[in-house]
Amino acid sequence: MFNKVLIANRGEIAVRIIRGCRELGIKTVAIFSEADRDALHVEMADEAICIGPAKATDSYLNMHSVLSAAIVSGAEAIHPGFGFLAENSMFAEMCEECQIKFIGPMPKTIDSMGNKINARKLMIEARVPVIPGSEGEISTLKEAKTIADEVGYPIMLKAAAGGGGKGIRKVLEESELEKQFQSAQQEALAAFGNGQMYIEKVIYPARHIEVQILGDHYGNIIHLGERDCSLQRSNQKVLEEAPAFGLSNELREMMGEAALKAAQAVNYENAGTIEFLVDLDNNFYFMEMNTRIQVEHPVTEMVTGVDIVKWQLKIAAGEKLTLKQKDITLTGHAIECRINAENPAFNFAPSPGTVNNLLLPSGGIGLRVDSAMYNGYSIPPFYDSMIAKVIVHGENRMEALAKMQRALSELVTDGLVTNQDFQLDLITHQQIIDGKYDTSFLQETFLPEWLK
């Protein structure tokens, strides 16, 4: 096992990784920007190194600065968390060159699955169902028109190197194609330095179901069941639950087997997620693979009892995956609500500020809050607006919903405008209680009602 690990991230995920390291007896090194000098992860780590100004490109995304901090501190490995450098194959290669272990998949795997067009080709070869669409990249409007006519409208334009909801546009009819294509391509170029696009048939409404996987260096791969991530706004997840409500055992097994095929096709190592869309007829289609830990990993940990972060560390250190597929059972139900410093009434505008009085919900079995907040902490305006994740576990879905209502009602974040009330209203909506929702629900039904 490693003696010292550098965490190349910030916020709640950095705190989460530090806790996992501490329980395994691993010393930690935090990196921070000048804006994060007073951050909780800086205080919790055994060492902390400032790597640059507030702007992410000058600090958390500065690969040379991150690696320099690892070398100076004597860290043997780097955990990238999610976001920032987590799916950057160049950074993973640089870690290898510096003889520092990158806690994640191999660089070639990140490349294979990070490019969505290449991932589609690999999945077709592995006989994993994919969404009908283009077979390769599209760089011109003329090509886009040809493919769109073949698959039929509505279509989804997606960036080949995309992620985080960037470079995605829904096109309902041909008259919208030119404007949306140019807009998506420009956004993709700005966000990823790659303007290549591809097209998929819109499967809508649908359910967004993802399967968590773990794989080791010795070819052992298992899945940890599925999560429902259908509640989204502008392609950003809002609430997740595990297991997915209403899936038949047959469909659940088929999706699990498909996820294993997808992972085996690239000899996957470490933690990853296979994302699927499930249509109204229960047909499922591969959408993409995330080659990192996910924001919503706690709901899977809650229902399986498997500590995914610890297994990331163990696998990266060369340990064999001792868990077998037969050992994985899903017990009860878990729900996660993302708490963001944002104002839902004003188009979810970011609302950074200082936490004057903080009360995190606690007490009782099956309640967890992942956060980097503390009393007096000033939320910097330079990064993602997520400030906490409230996660609950119950014997069944109704108990989990009731526990989440109680937890959100107890949460106090004086000094900040957050989406707390929005989340509370969401989980008490009758369609959510009944489990009758899909990817269209939040944007087309709940939000218009809520804004009234």
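The protein is divided into domain 1 (4-98), domain 2 (132-201) and domain 3 (207-451), with bounds that come from an automatic or database domain assignment. Between the centres of domain 1 and domain 2, taken over C-alpha atoms, lie 34 Å. This is a predicted model, in which local features need pLDDT of at least 70 and side-chain atom pairs count only at pLDDT 80 or more, while totals for chains, interfaces and linings use all residues. Residues are numbered from 1 along each chain as its sequence is written, and side-chain values use heavy atoms, with hydrogens and water left out.

The largest cavity has a volume of about 30 Å³, and its lining, made of residues with an atom within 4 Å of a point, consists of V211, H223, G225, E226, R252, M255 and G256. Strand 10 (221-233) and helix 9 (249-265) are the elements that give two or more residues to this lining. By class, the lining of the largest cavity holds two nonpolar, three polar and two charged residues, with Gly counted among the polar ones.

A pocket, by contrast, is an open set with protein on both sides within 12 Å along at least five of seven lines. The second largest pocket has a volume of about 180 Å³, and the residues lining this pocket include A206, R207, G246, Y437 and D438. Its lining divides into six nonpolar, three polar and three charged residues.

Technical notes
1 Å grid on protein atoms, 1.4 Å probe; cavity = no way out; pocket = protein on both sides within 12 Å on 5 of 7 lines; lining within 4 Å. Points joined across faces, edges and corners; volume = space filled by probe spheres on them. Helix = DSSP H or I, 4+ residues; strand = E, 2+ residues; numbered from the N terminus.
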